[in-house]
Amino acid sequence: MSTATSNTIASPSTEETGMKRQYALQAARLTLTAMANITDGLQIPFLKAAPQTLNQIITLADSVKTNKDACGQLAKQATDLIQAIAQASVGKTVQMDERLQDDVEDLRKTLESIREYMSKMTSRKTWKRVLASSEDTAAIAEFRNKLAHAVVVFQIKDQISARISQHAVTQDILQKVTNIHDHLTTSAAGNPPYQSEFLFTPPAYPECFYGRDEFVATAVDLILTHSPAKLAILGPGGVGKTTVAAAIFNNSSIEDKFGEHRAFVSCEPLSTTESLLETLCKAFDVSVQNGKLHTALMSFLKLLPDTLLVLDNLETLWDSDDESDNVQTLLRNLSSLAVLTIIITMRGILPPKGVLWTQPALSVLPVVSVDAAKSIYQAISPTDDDMVLETLLCNVDCLPLAVTLLANLGQCGLSPKELQDRWEKEQSKLINLGGKKKSESLDVSISLSINSPLLKHNEDAFSLLRMISFLPAGIPVLYLSEIASHIESITEAQIVLFRTGLAYLTASKRLTVLSPIKLYITSNYEITANEIIDIQKFYFDLA
Ligand SMILES: Nc1ncnc2c1ncn2[C@@H]1O[C@H](COP(=O)(O)OP(=O)(O)OP(=O)(O)O)[C@@H](O)[C@H]1O
Ligand SMILES: [Mg+2]
């Protein structure tokens with residue numbers, strides 16, 4: 001399993017694609033088991049003997065020390081091809097003309113050479129392995145070409161059906177062979193989906209990680225005691241949801257339970273459910289036929305042992321107008337799988353509906369304690385000025401993203417005292433490292449929630465947000481409809497703020513916002529006359 005750090009760009013051709021290889025081999029084994037039921041009754045002797053050779057190839061692919069991923073793919077492709085031919089010949093009367101015999105013989109030889117080559121690879125001494133690595137890459141590519149060629153041969157010469165049978169082979173089987181052909185030729189052309197690989201490259205255990213021991217322990221316990229657990233890690237932007245998910249994903253008990261069967265998929269760069277499906281198929285190395293991604297993914301996942309899937313920043317799709325229905329269907333279908341433990345991270349405090357989330361549910365992720373915030377700052381930018389540091393971090397309500405960005409400014413040579421002075425003048429604009437990414441700027445992170453489709457379509461929610469930000473201690477929920485009397489649907493407005501993670505309820509039941517969000521709103525948006533009138537009316541009536 002790959003645990004490349006999130007900022008390391010790993011070459012997809014390295015051994016880091018261990019999980020992909022495991023899935024490829026697992027799929028090959030499953031295909032082989034299914035094939036065993038049909039090959040016995042077949043009239044072509046080669047097809048009866050092929051499962052044994054394939055079994056050896058799969059075992060060898062599992063034990064090679066170099067080019068593991070490519071060997072795994074090769075084993076899977078060989079198995080897929082033989083299975084398609086075997087299926088096409090079930091119940092058919094075979095007419096073995098000379099050319100068919102030659103073609104079958106070529107295929108037999110190709111399988112034999114693959115087995116022999118892999119056997120040679122496994123028995124090489126370490127130093128020879130290193131020397132032969134590039135030679136092996138070329139040989140594997142050549143084998144792939146041969147398998148691709150075999151598909152063409154069997155397909156072109158009157159589409160298997162006429163050659164093997166007097167009855168027509170169903171369109172379905174022909175389509176299957178065509179798909180395998182497409183799959184083989186794209187792989188053989190050396191055109192793997194490099195760009196998408198990073199979407200599911202799992203993050204490493206966070207290097208700097210404080211104040212979350214209890215949360216992680218609770219989540220791990222829920223996963224180990226509920227099979228399969230469904231957990232939602234919720235909270236405002238920048239509170240540390242992704243970081244906590246990475247810690248759970250890399251926890252040793254979780255590694256022990258799921259081993260290689262763990263996938264971490266970031267939904268952030270995705271704009272459609274279709275692209276999420278594609279990414280999931282790639283993450284699990286599912287081979288797709290007839291373009292039916294959903295069917296292929298579900299059938300594949302059903303056959304796996306216990307598997308963990310993390311869907312990070314799901315709000316990207318969940319809050320989108322066009323995609324929310326589709327992503328809801330997908331999530332519901334995934335959560336119906338008995339083998340699949342699901343963790344999602346999402347901005348807001350309400351979990352996605354349609355899934356029975358494991359109870360007791362995880363609490364909404366709070367900001368970290370002052371001590372943890374200080375530890376985060378000290379780990380990035382050590383300082384002796386503990387007193388000012390505490391004031392500085394309390395100014396940003398100990399929101400981990402803000403703490404991290406302040407510490408990054410500290411690394412640039414600014415002391416906590418200097419940062420505090422600048423904070424008083426510049427406020428949230430200070431917390432900006434000059435980049436356009438949310439990890440570099442508090443404003444960018446907050447504006448993602450402000451610009452979410454949910455808030456854009458609900459002017460009432462935005463109005464409520466301005467009012468809460470204007471009042472120093474937020475608004476007591478008890479008086480919400482009285483204070484915000486110009487808002488028609490106050491409940492809906494409140495829910496939208498909860499869903500975006502922009503507002504939350506305090507223990508004393510006041511609807512409020514974190515300090516950085518308050519500052520962002522007050523400095524970027526003016527409170528309207530109606531809102532002021534409502535506030536004044538309420539407080540004058542009280543007086
Ligand atoms: N417990 C922690 N200890 C140290 N640093 C943390 C912790 N939690 C979060 N951080 C840091 O805070 C920043 C934001 O964290 P993260 O990306 O996990 O937040 P998020 O809630 O997933 O944000 P978003 O809603 O934008 O996806 C990151 O730089 C991360 O390293
Ligand atoms: Mg995140």
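Predicted model: local features only at pLDDT ≥ 70, side-chain atom pairs only at ≥ 80, totals over all residues.
1. A polar side-chain atom of Thr-243 lies 2.5 Å from an oxygen atom of the ligand, a polar side-chain atom of Thr-242 lies 2.9 Å from an oxygen atom of the ligand, and for Gly-238 a backbone N or O atom lies 2.9 Å from an oxygen atom of ligand 1.

2. Asn-313 is found in the loop between β3 (307–312) and α14 (315–318); helices (H or I, at least four residues) and strands (E, at least two) are DSSP runs, numbered from the N terminus.

3. The bond from Ser-227 to Pro-228 is cis, with omega near 0 degrees, and Pro-228 has its place in the loop between α9 and β1 (230–235). Gln-359 and Pro-360 are likewise joined by a cis peptide bond, with omega about -5 degrees, and Pro-360 is found in the loop between β4 (340–347) and α16 (370–380).

4. Helix α9 (residues 213–225) and helix α10 (residues 241–249) have axes that come within 10 Å and cross at roughly 50 degrees, the axes being lines fitted to C-alpha atoms, for helices over the stretch in contact, with angles from 0 to 180 degrees between N-to-C directions. The two helices are therefore oblique to each other, because angles under 35 degrees count as roughly parallel, over 145 as roughly antiparallel, 65 to 115 as roughly perpendicular and the rest as oblique. Phe-215, Val-216, Ala-219, Val-220 and Ile-223 of α9 make the contact with Val-244, Ala-247 and Ile-248 of α10, contact meaning heavy atoms within 4.5 Å. The residues of this contact divide into eight nonpolar, no polar and no charged, where Ala, Val, Leu, Ile, Met, Phe, Trp, Tyr, Cys and Pro count as nonpolar, Asp, Glu, Lys and Arg as charged, and the others, Gly among them, as polar.

5. The axes of helix α12 (residues 273–284) and helix α13 (residues 293–302) come within 10 Å and cross at roughly 40 degrees. Residues in contact include Leu-277, Cys-281 and Phe-284 of α12 and Leu-293, Leu-297 and Phe-300 of α13, and the residues of the contact divide into eight nonpolar, one polar and two charged.

6. Finally, α16 and helix α17 (residues 386–395) pack at an angle of about 110 degrees with their axes 10 Å apart, and are therefore roughly perpendicular to each other. Among the residues that meet here are Val-370, Lys-374 and Tyr-377 in α16 and Asp-386, Leu-389 and Leu-393 in α17; the contact divides into seven nonpolar, one polar and three charged residues.

7. A note on conventions: residues are numbered from 1 along each chain as its sequence is written, and chains are lettered from A and ligands numbered from 1 in the order in which they are written. Local features need pLDDT of at least 70, side-chain atom pairs count only at pLDDT 80 or more, totals for chains, interfaces and linings use all residues, and side-chain values use heavy atoms, with hydrogens and water left out.

Conventions:
Polar contact = N/O pair within 3.5 Å; in protein donor to acceptor, adjacent residues only side chain to side chain.
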